[in-house]
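Let's work through some exercises on a two-chain complex together. Take a look at the sequence and the structure first, then try each task before reading its solution.

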Amino acid sequence: MSGAAALMSGTSVCVTGMGLVTSVGTTAAGVMDAMCEGRSGVAATPPDHPLTGSLEVGGFAPPIDPDSVLPRSETVVVDRYVVMVMQAAEDALADAGVVVGRDVDPFRTAVVISSTGGLSTLEAQVLAREARGRPGVSPYMLPGMLPNMGACRIAIKYGIRGYSSAIATACAAGAHSIGEGARLLRDGVADVVVCGCGEAPFFPTLVDTFRNARALAHGWKAEPGAASRPFDRRHNGMVLAEGAGVFVLERAAHADGRGAAGYADVVGWAATNDAHHPLMPDPEGEGAAQCMRLALADAGIGPREIGYVNAHGTSTKLGDQAEALAIRKAFGGYSPPVSATKAVTGHMLGASGMAEAAVTVLALRRGLLPPTHNLDDPDPACELDHVRKGPRRAEITHALSNSFGFGGHNVSVVFGRPSTRLARQV
Amino acid sequence: MSHEEIRAFLFKALSRLNYDTSRMDDDTVFGPAGADVESLALAELAVRVEDEFGVVFDDEEAEMMAAMTVGELCATVAERLQPASTQGH
């Protein structure tokens, strides 16, 4: 069922709760404000950090005590991605004010929580085995690190017993989780969906593979806040970051039934593949352009109805240029106002899609488009209507968020004003 | 290796697995009837005991650990250590 059909049939999908863990704050407003104020969360790697010497700068999220989100007996071996996404889920569910079992049938509640998985935990276990042989390997390794363990732990903690899954589409996985959540609600599989993504990439093997692939921003140690600069002439790589984000999506009619207010509707989404290269985007941007076109078609709107695009904007030359071209193609040569959140958060891999969706929702609701931090001198190959140097006031009806991932995965999500009787104040 | 030393090792290992051992004694059952040590923690405890004392639990024995008391496990380990100690002389 398309977004337009869902609206007609009364099964529109509303965001009723949001929770984030990022280097610039743990609320959607915190990330939005950081963008508007030009306040970066990117910092030099601390001197006592295990990655000192291999990682120049990063987006470090606040520490979270695993015992604060999980029973102590389950935190012996647990990856930081699980801990961060548990925190985001707790905040999102509290924000939505929904209690599974009280407000919604556990079997009508779904959980779609994605991740690349707890690879740092795997790395630590490999090293422990190398040092101590078989006894060094914990039986807790798999529950501590598998990519579906965010979904599992959230299901156990909140008694969610309906559809559950974890999506492995790399940096598109967060947005993909929102899309799958919307589909479940439109198709009548669930009344409430807890969806999101958590990523904890700060461990030596992963950092080194990014470095050796020449993917990381470099030369910014003295000026970490300037390292992530999507679409700027001096963009020279992504800034790795950790984080998590969870949304509570709900059929608008269900939210109305419990008197809950919505932030915004998920009115359309789409996913395509570049079918070009495992890591590099198609420089022609055709897969990404078609993804945006299909998302607009799903929403039943035309290109001119999009008042803001939150770009994937990784700060890599190739990625930014391909996305700029894709946006111009998708919008028929015209560019809606565009900005990129990664300039302040760094690149939280799949979890970026959640923070960026949250910013897109706030831009729509506040009528305020946040600028791209560090976009001092736009790359001529990234010609777009950039929002830069400060926020731009604009009353808009629809906004689109892009997320693209290794593997050629493209996901675009379109948000519109909430169709619930009550609208959340933002 | 004395019973007390084996028990001290078990309690130290359980503490590292985030279990409070202050109220455990020889009569405490590991499983739900007592300390409620969950299955993976028991699996890890078995591995640590095997590694520390050079004893081996087969799969069925490891599964039975939830029904054992702390004292029974200490006795089992001590019993298996005995022939090894004798051989050592």
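## Exercise 1: Confidence in chain B

In chain B, helix H1 (residues 3-16) has the highest confidence, with a mean of 96, and helix H4 (residues 70-88) the lowest, with a mean of 80. Here confidence means pLDDT, the predictor's score for each residue on a scale from 0 to 100. Helices (H or I, at least four residues) and strands (E, at least two) are DSSP runs, numbered from the N terminus.

Before going on, note that this is a predicted model, in which local features need pLDDT of at least 70 and side-chain atom pairs count only at pLDDT 80 or more, while totals for chains, interfaces and linings use all residues. Residues are numbered from 1 along each chain as its sequence is written, and chains are lettered from A and ligands numbered from 1 in the order in which they are written.

**Task.** Find which residues of chain B have pLDDT under 50.

**Solution.** 
- Step 1: begin with the whole chain. Chain B has a mean pLDDT of 90, and 92% of its residues reach 70 or more.
- Step 2: Two residues are in contact if their C-beta atoms, placed from the backbone, lie within 7 Å.
- Step 3: recall the reading rule. Where pLDDT is low, the predicted coordinates should not be read in detail.

## Exercise 2: The build of each chain

**Task.** Work out how the radius of gyration of chain B agrees with that of a compact globule.

**Solution.** 
- Step 1: list the elements. Chain B has four helices and zero strands, in the order α-α-α-α along the sequence.
- Step 2: apply the globule rule, which is 2.2 Å times the number of residues to the power 0.38, with the radius of gyration taken over C-alpha atoms. For 89 residues a compact globule would have a radius near 12 Å, and chain B has 12 Å, so the two agree.
- Step 3: The C-alpha trace of chain B spans about 40 × 25 × 20 Å along its principal axes.

**Solution.** 
- Step 1: chain A holds 13 helices and 15 strands.
- Step 2: its radius of gyration is 20 Å, close to the 22 Å that the rule gives for 426 residues, so chain A is as compact as a globular protein of that length.
- Step 3: turn to burial. A residue is buried if 20 or more other C-beta atoms lie within 10 Å of its own, exposed if 12 or fewer, and partly exposed in between, with C-beta atoms placed from the backbone. In chain A, 61% of the 426 residues are buried; in chain B, buried residues make up 25% of the 89 residues.

## Exercise 3: Buried or partly exposed?

**Task.** Is A:Met32 buried or exposed? And which residues does A:Pro204 touch?

**Solution.** 
- Step 1: A:Met32 is buried, because 27 other C-beta atoms lie within 10 Å. Beyond four places in sequence, A:Met32 is in contact with A:Val359, A:Leu362 and A:Pro370.
- Step 2: A:Pro204, in helix H8 (residues 204-212) of chain A, has 15 C-beta neighbours inside 10 Å and so counts as partly exposed.
- Step 3: leaving out residues up to four places away in sequence, A:Pro204 touches A:Pro50, A:Leu51 and A:Ser54. A:Pro204 and A:Pro50 are 154 residues apart along the chain, yet their C-alpha atoms are separated by 7.8 Å.
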